[in-house]
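Okay, thanks for coming, everyone.

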Amino acid sequence: MFLSNITDSGGVPLSVNFDSPVDYLVFIFQLLFATAAVLVAGPIVVTIFSTRALRLQNRFIFMLNTSICDTLVGFSVFYLGLFDVQEGYPSRNGTYNMLPSLLGVNIMTFLFAQFDRYLAVCHPFIYSRFITRGVVISANVFCWLHVYCQTIILLFLPLAKAMQLYAFGIISLQIIVLTKVVMTIKLYVVARFQLERDPPSAERENNKESLRIIIFVVISFLVLWGPSFVNIIIRYLLGRGLTFRNEATNLFAIMARFNAVCTPAVYLWGSPALREAMLRTVWGRLCPRCKKNRLNGRMLR
């Protein structure tokens, strides 16, 4: 078979041996998943970069940051999912945790986004005075610096020290995840009760929309990433847990990476402004007929 002969030329072998129908299904799934993540998250990145009205809103800056991560996660699956790669300790054909660390950037970004939405709704005076666009951009840049500085430091430490620091990072993630859960509950209460008492206005609708999006995004992220998180804790802190042949067959890692499709899909579902901008700046240019049909639909209404 052609696919199985690819590895004979040298280099990193493929993730499966194509000895059974399941191997073909795994390989095709990884290929389709990587393509879907790029095609769903990538246009959001282009849309926000191309639309000044969106870039001026802090909530879309957070969406941009996570969508950049999700697009890169999609590209990373073309390697992690299609080739025989095992990250972590021990590693095989790994990327020194550079590609899996993209999920860490998303975790940090979601946490800052939750605090941003809480302050915007509950403390609008403080928010308008101190949470400027520069502060939000700095927070998003910090997410990248914090995660990847720690990842780079691990490369220069002895293996024993690196594993200890990695375990410490896992413990720190527990605190972050617990904080996210508390903030999600808090945001739900705010969305459920406080906003209902506010008079109708465009600002109120924007706040309801942004709160709804961040709540759904964080819940889906925790649900999909939680099993992998628990398994990592059990493996590195207790010496047990499930192990898999490689990243392509790691069900927990697949669930965690599925956020790269789920998160941008929630953005599109929850934000009409983002959908309209994407149709105008991306799909309207790639498919003029789609744009024409959209305009005709508006005229009929």
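You'll find Tyr 96 in the loop between H4 and H5. There's something else about its backbone: Tyr 96 isn't a glycine, and yet it has a positive phi of about 55 degrees. Most residues other than glycine have a negative phi. Please keep in mind that this is a predicted model.

Phe 18 sits in the loop between helix H1 (2-5) and H2. Its relative accessible area is 9%, so Phe 18 is buried.

Now let's zoom out. Of its 301 residues, 46% are buried. And if you take contacts between residues at least 6 apart in sequence, 74% of them join residues at least 24 apart.

On to the inside. The largest nonpolar core has 64 residues, and the ones that touch the most other members are Ile 44, Ile 48, Met 63, Leu 173, Trp 225, Tyr 267 and Leu 274. Quite a few helices supply at least two residues each to this core, including helix H2 (21-50), helix H4 (58-80), helix H8 (159-197) and helix H11 (259-270). The largest share, 12 residues, comes from H9. Apart from this core lies another one, of seven residues, and our friend Phe 18 is among them, as are Phe 27, Leu 82 and Ala 248.

Which residues is Tyr 267 in contact with, leaving aside neighbours within four places in sequence? The list includes Ile 44, Phe 62, Met 63, Phe 110, Ile 213 and Leu 274.

H4 is worth a look too. H4 has 23 residues and reaches 32 Å from its first C-alpha to its last, close to the 33 Å expected at 1.5 Å a residue. Of those 23 residues, 18 are buried, so H4 is largely enclosed by the rest of the structure.

Next, a helix pair. Two packed helices are described by the angle between their axes and the distance between the axes. For H2 and H11, the axes come within 9 Å and cross at roughly 35 degrees, and the crossing is left-handed. On the H2 side you have Phe 33, Ala 36, Ala 37, Val 40, Ala 41 and Ile 44, and they meet Ala 260, Val 261, Pro 264, Ala 265, Tyr 267 and Leu 268 in H11. By class, that contact has 12 nonpolar residues, no polar ones and no charged ones.

Gln 114 has 1% relative accessibility, so it counts as buried. Not counting residues up to four places away in sequence, Gln 114 touches Lys 180, Met 183, Thr 184, Leu 187, Ile 214 and Val 218. With that same exclusion, Tyr 118 touches His 123, Met 183, Lys 186, Leu 187 and Val 190. The C-alpha atoms of Tyr 118 and Ala 191 are separated by 9.7 Å, with the two residues 73 apart along the chain.

Definitions and conventions:
Residues are numbered from 1 along each chain as its sequence is written. This is a predicted model: local features need pLDDT of at least 70, side-chain atom pairs count only at pLDDT 80 or more; totals for chains, interfaces and linings use all residues. Side-chain values use heavy atoms; hydrogens and water are left out. A nonpolar core is a set of buried Ala, Val, Leu, Ile, Met, Phe, Trp, Tyr and Cys residues joined through side-chain atoms within 4.5 Å. Buried means under 20% relative accessible area, exposed over 50%, partly exposed in between (1.4 Å probe, protein chains only). Helices (H or I, at least four residues) and strands (E, at least two) are DSSP runs, numbered from the N terminus. Contact means heavy atoms within 4.5 Å. The expected span of a helix is 1.5 Å times one less than its number of residues. Axes are lines fitted to C-alpha atoms, for helices over the stretch in contact, and angles run from 0 to 180 degrees between N-to-C directions. A crossing is left-handed if the near helix is turned anticlockwise from the far one by less than a right angle, and right-handed if clockwise. Ala, Val, Leu, Ile, Met, Phe, Trp, Tyr, Cys and Pro count as nonpolar, Asp, Glu, Lys and Arg as charged, and the others, Gly among them, as polar.
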